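User: I have a structure open and would like to go through it step by step. Could you take my questions as they come?

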Amino acid sequence: MTMNPKALIVEGGAMRGIFACGVLDAFMEKQFLPYDFAIGVSAGASNLVGYLSHAPKRSLQVITQMATDKAFFNLARFAKGGNLVDVKWLWNESNQRFPIDCAKLFGSIPMYAATTNTTTGQADYFHVQPENLSQVIEATTALPIAYKETPCFSGGCYTDGGVADSIPVREAYRRGAKEITVILSHPLSYTMPPLKYPWLLKRLLARYPNIAESMLTRANNYNASLDFIRNPPKDVTIKVIAPPEEFAVKRLTMKKSVLLDGYNMGRRAGENHLASHNGTFGLVQENGHFC
């Protein structure tokens, strides 16, 4: 690894990942990959697979064509005790329709994905390799309650990485990164509110008390990551690419026109970041910093 490693962090957020999808497509268009490693969470990890395998618009097609399909998101199935979202179907089907260039993916920079260990409730970070790719992507996107299966591999069982570490900036810093670029899925003004019905969550996750506990402390951990971004240690620079305030995509938005608007906002943000990076945006400092 280089003397002052650069890291890319991509937050998840289910359908909100359409913003990062646009950012990364703008990066791919200019063959922009100045990072030494990347960490993705949930949908952010899926977006990184498209980016690091250099597959422009792959993630856009997966989100707008397949994540909006009833085979993936199905309220009636959930009401009958099945999956609200079927992440394994989405992964397998997307790979059939849009095969991944594994030579490019694994010939690129190291990619890590955050998962949440169901036993400890803590984040485990997996180095994505050919032999664990499918399992890690299923695990990092396995929304608690909404996805009934519990992916188990490498001696543990896992759920969505966003439960324990939605924005792994501190993990990137722990791994030595001195410049961290973060693609968020909420506008800069966002802070995560406390969970409204903790008693209900504890009941729904009675089999996994440490996951319930992580869900209850998730807002604190999320906001602590934002605080780290706003007030980083002196030996690290953090650059932020976030959706504008008018970004209307929600976690389970299915309306394609809204998703496409969110994607285009991501493309513009990516293009602005590139222009700023190249000194052509007309700004002295990085335009994406927290104010």
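**Rings, strands and a pocket**

Analyst: Tyr190 counts as partly exposed, with a relative accessibility of 23%. Please keep in mind that this is a predicted model.

User: Where is Tyr190, and which residue does it pair with?

Analyst: Tyr190 is in the loop between strand S7 (179–183) and helix H9 (198–204), and its partner Tyr222 is in helix H11 (residues 218–230). The two are 32 residues apart, and the pair links distant parts of the chain.

User: Is Tyr222 buried or exposed?

Analyst: Tyr222 has a relative accessible area of 4%, so it is buried; the cut-off for buried is under 20%.

User: How many aromatic pairs are there in the whole structure?

Analyst: A search of the whole structure gives ten aromatic pairs. One of them joins Phe19 and Phe247, which are edge-to-face, with 5.8 Å from centre to centre and 70 degrees between the planes.

User: Which parts does that pair tie together?

Analyst: Phe19 belongs to helix H1 (residues 18–29), while Phe247 belongs to the loop between strand S8 (237–241) and helix H12 (256–277), so the pair ties together parts 228 residues apart in sequence. Phe19 counts as buried because its relative accessibility is 0%. Phe247, at 5% relative accessibility, also counts as buried.

User: Which residues form a cluster through ring pairs?

Analyst: Phe27, Phe32, Tyr35 and Tyr51 are linked into a cluster by ring pairs.

User: Which charged residue sits over the ring of Tyr112?

Analyst: That is Arg175, whose charged end is 4.3 Å from the centre of the Tyr112 ring.

User: Let us change topic to strands. How do S3 and S4 run, and how many bridges join them?

Analyst: Strand S3 (residues 111–117) and strand S4 (residues 123–127) run antiparallel and are joined by five bridges. Within this pairing, Thr115 stands opposite Asp124 in S4.

User: What lies between the two strands?

Analyst: S3 and S4 form a hairpin, and five residues lie between them. Gly121, in the turn, has a positive phi of about 75 degrees.

User: Which residue other than glycine has a positive phi?

Analyst: One of them is Lys57, with phi near 65 degrees. Lys57 is in the loop between helix H2 (43–52) and helix H3 (58–66). Ser154 also has a positive phi, about 50 degrees, although it is not a glycine. Ser154 lies in the loop between strand S5 (152–153) and strand S6 (156–160).

User: Why do such values deserve a remark?

Analyst: They deserve a remark because most residues other than glycine have a negative phi.

User: Is Ser154 buried or exposed?

Analyst: Ser154 counts as exposed because its relative accessibility is 60%. Lys57, at 45% relative accessibility, counts as partly exposed.

User: What does His186 touch?

Analyst: Leaving out residues up to four places away in sequence, His186 touches Glu11, Arg16, Tyr222, Ala242 and Pro243. His186 lies in the loop between S7 and H9, and it is buried, with a relative accessible area of 12%.

User: Finally, what is the volume of the largest pocket, and which residues lie nearest its centre?

Analyst: The volume of the largest pocket is about 980 Å³. The pocket is lined by 36 residues, and Leu195, Leu201, Met215, Arg218 and Arg251 lie nearest its centre. H9, helix H10 (209–216) and H11 are the elements that give two or more residues to its lining.

Conventions. Residues are numbered from 1 along each chain as its sequence is written. This is a predicted model: local features need pLDDT of at least 70, side-chain atom pairs count only at pLDDT 80 or more; totals for chains, interfaces and linings use all residues. Side-chain values use heavy atoms; hydrogens and water are left out. Two strands pair if DSSP finds at least two bridges between them. Helices (H or I, at least four residues) and strands (E, at least two) are DSSP runs, numbered from the N terminus. Rings of Phe, Tyr and Trp (its six-membered ring) pair if their centres lie within 6.5 Å; planes under 30 degrees apart count as stacked, over 60 as edge-to-face and the rest as tilted. Buried means under 20% relative accessible area, exposed over 50%, partly exposed in between (1.4 Å probe, protein chains only). A charge sits over a ring if NZ of Lys or CZ of Arg is within 6 Å of the ring centre and within 35 degrees of the ring normal. Contact means heavy atoms within 4.5 Å. On a 1 Å grid over the protein atoms alone, a cavity is a set of points where a 1.4 Å probe fits but cannot get out, and a pocket is an open set with protein on both sides within 12 Å along at least five of seven lines; lining residues have an atom within 4 Å of a point. Grid points are joined across faces, edges and corners, and a volume is the space filled by probe spheres set on the points.
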